[in-house]
Amino acid sequence: MQQSQLFMPTLREVPADAEVTSHQLLLKAGYIRPVTAGAFAYLPLAKRVLNNIEAIIRDEMEAVAANEMLVPEILPAELWEKSGRYATYGQDLYKFHNRQDRPFILGPTHEETFTELLGADIKSYKKLPLLVYQIQSKFRDEGRPRFGLLRTREFIMKDAYSFTADEAGLDAIFHQMERAYQNIFDRVGINYRMIVGDAGAMGGSDSREFSAPAVAGEDIIAFSDEGDYAANLEMAQDAYQRQTEAQEAVAPLAILDTPGVKTIEALAEQLSVPAAQLAKTIVAQTATGQLVAIVTTGDYEVNLIKAQNFLGQGELTLADEALVAEKIGASFGSLGPVHLPEDVQLLVDERAADLNDFTAGANQTGQHYQHVNWQRDVALTADQIGDFRLVHEGDLAVGGQGHLHFTKGIEIGHIFKLGTKYSAALGAQVLDQNGRKQDMIMGSYGIGISRLLAAVVEQQADEKGLVWPASIAPYDVHLVPVNLKNDEQAALTAEIQSLLTDQGYDVLVDDRKERAGVKFADADLIGLPIRITVGKRAAEGIVEVVARETGASAETTLADLLTTMADLATAVS
Ligand code: 9G3
């Protein structure tokens with residue numbers, strides 16, 4: 001491709017509203033342009049990267065016998081009324097009416113569509129298992145689209161759906177898709193962590209989230225520096241071992257006046273004891289208004305998500321101070337597990353359950369109990385004890401392999417075991433081998449393709465611009481003649497272009513009438529993996545080859561060009 005014919009509008013500066021690297025560089029390098037908030041145009045270079053990512057995905061989907069299809073983006077509201085999701089997905093769901101004033105949505109995901117479609121024609125278990133997928137735009141009316149391609153209102157997704165007659169069939173496909181996703185992300189060249197969903201939810205572990213570590217990520221991921229443990233922060237677990245023997249009271253319960261002490265730090269200060277030896281109590285409430293007191297050691301924060309999953313009574317929210325004062329009779333900072341009102345449920349984190357002779361709020365404002373002993377002072381049973389804490393960086397990872405570190409992560413893929421949630425709602429049933437009707441068992445599998453493109457940039461760009469892995473770069477080689485008016489340079493450039501093209505390389509020739517400095521800066525900005533400069537030494541048949549990622553370079557002749565490129569490329573990988 002001659003660069004003089006390429007639509008690649010680079011910018012000197014980038015708009016101030018571009019906050020993250022990928023947004024800034026993709027704008028600056030002429031890869032994307034905003035059309036409206038949360039919706040971008042993919043210019044030629046970005047489209048080529050998307051094509052390359054999609055080719056890898058198609059190859060891996062083919063390998064697991066997935067059928068590529070394409071279904072409509074405009075979907076009848078009735079379809080989503082059957083699953084109940086028309087009502088539950090509020091403002092994020094694009095809704096509209098057609099010329100007959102009938103209600104439609106723009107598809108944010110397609111479980112219902114594929115379930116209805118396959119359910120209409122698949123009636124026997126003999127036709128299963130089936131795996132279908134599409135690569136298609138999705139529409140979600142995000143309240144705050146931002147960070148360029150990382151959070152948009154229209155984005156490109158590969159979404160796949162599996163249909164099996166039983167759980168075993170789902171488990172087999174789920175495992176195959178897990179491997180296929182690892183292959184895809186490895187081939188794309190993105191650094192990622194796989195997060196196992198909470199096993200408790202539906203028997204076996206019900207999901208895998210693929211997260212790309214990057215400062216622009218919206219999730220916080222806790223991962224171990226040894227082994228492959230990784231989890232979203234709200235689910236992450238450390239390897240705490242409970243003490244076994246019960247603990248005797250050391251001294252009688254004593255009231256301590258703690259006027260104005262509102263925080264653990266202030267209490268630790270007053271008592272000259274570490275926060276780890278104090279009990280911290282927060283009060284939450286369930287959707288039905290039931291109060292739940294949750295106790296952790298003073299050095300840990302309460303993890304409401306873990307408590308919520310433990311109780312399984314829907315969302316838990318922090319109770320407000322007025323309600324707590326009314327129901328428990330004390331303000332925040334003086335709450336504790338001793339003498340709680342009967343109707344307040346008590347959960348105790350296992351680290352706190354192992355405290356003895358400790359200080360806790362007395363449930364009287366400005367007062368604490370000292371020398372608390374669980375056995376003597378609190379009617380605590382084993383089923384009230386669990387893991388209700390947010391882990392710390394440096395904690396031993398659950399399973400004891402390595403220590404936990406935190407990183408921001410970008411969710412680039414997610415696979416789920418769905419069971420019969422959609423097939424039951426939409427009547428997608430097959431006759432099983434005993435002739436009985438059975439809802440098809442489903443799984444769904446997504447990759448955010450446009451987000452993946454941006455995640456690669458977040459991880460691999462440098463101060464000069466984009467740096468593409470060879471597997472997805474828009475072109476393989478940037479061929480940069482310094483001065484095409486010079487006959488030797490023009491001839492050698494043409495020879496190299498035809499040699500490389502014959503070898504199957506995609507070559508971008510910078511034939512523009514620009515100074516060398518501008519050409520080199522633009523080459524660094526758009527980030528092709530290999531640059532070949534044809535300059536003064538063309539007369540001797542010598543060109544310079546530069547690897548974009550490492551900056552490694554070598555001078556070589558036409559005869560050795562392919563070898564030199566290969567050497568530099570392996571040095572890169
Ligand atoms: C909606 C809206 C936003 C949504 C969803 C539905 C996320 C929704 C989860 C999924 C699950 C899987 C198939 C591919 C893999 C992911 N945001 N999700 O269902 F109506 Cl507005 O999309 N879908």
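Author: Buried means under 20% relative accessible area, exposed over 50%, and partly exposed in between, with a 1.4 Å probe and protein chains only. Strands (E, at least two residues) are DSSP runs, numbered from the N terminus. This is a predicted model, in which local features need pLDDT of at least 70 and side-chain atom pairs count only at pLDDT 80 or more, while totals for chains, interfaces and linings use all residues. Residues are numbered from 1 along each chain as its sequence is written, and side-chain values use heavy atoms, leaving out hydrogens and water.

Reader: Why is strand S27 called mostly covered?

Author: Five of the five residues in S27 (residues 530-534) are buried. Ile530, Ile532 and Val534 point one way, Arg531 and Thr533 the other, and all are buried. In a regular strand the side chains alternate between the two faces of the sheet.

Reader: What makes S27 a partner of strand S25, and which strand does S27 join through four bridges?

Author: Two strands pair if DSSP finds at least two bridges between them. Five bridges join S25 (residues 477-481) to S27, so the two pair, and they run parallel. His478 stands opposite Arg531 in S27. Four bridges join S27 to S28 (residues 542-547), which run antiparallel; there Thr533 has Glu544 as its bridge partner.

Reader: What makes a set of residues a nonpolar core?

Author: Its members are buried Ala, Val, Leu, Ile, Met, Phe, Trp, Tyr and Cys residues joined through side-chain atoms within 4.5 Å. The largest core has 67 residues, of which Tyr31, Phe185, Ile190, Ile412, Tyr445 and Trp468 touch the most other members.
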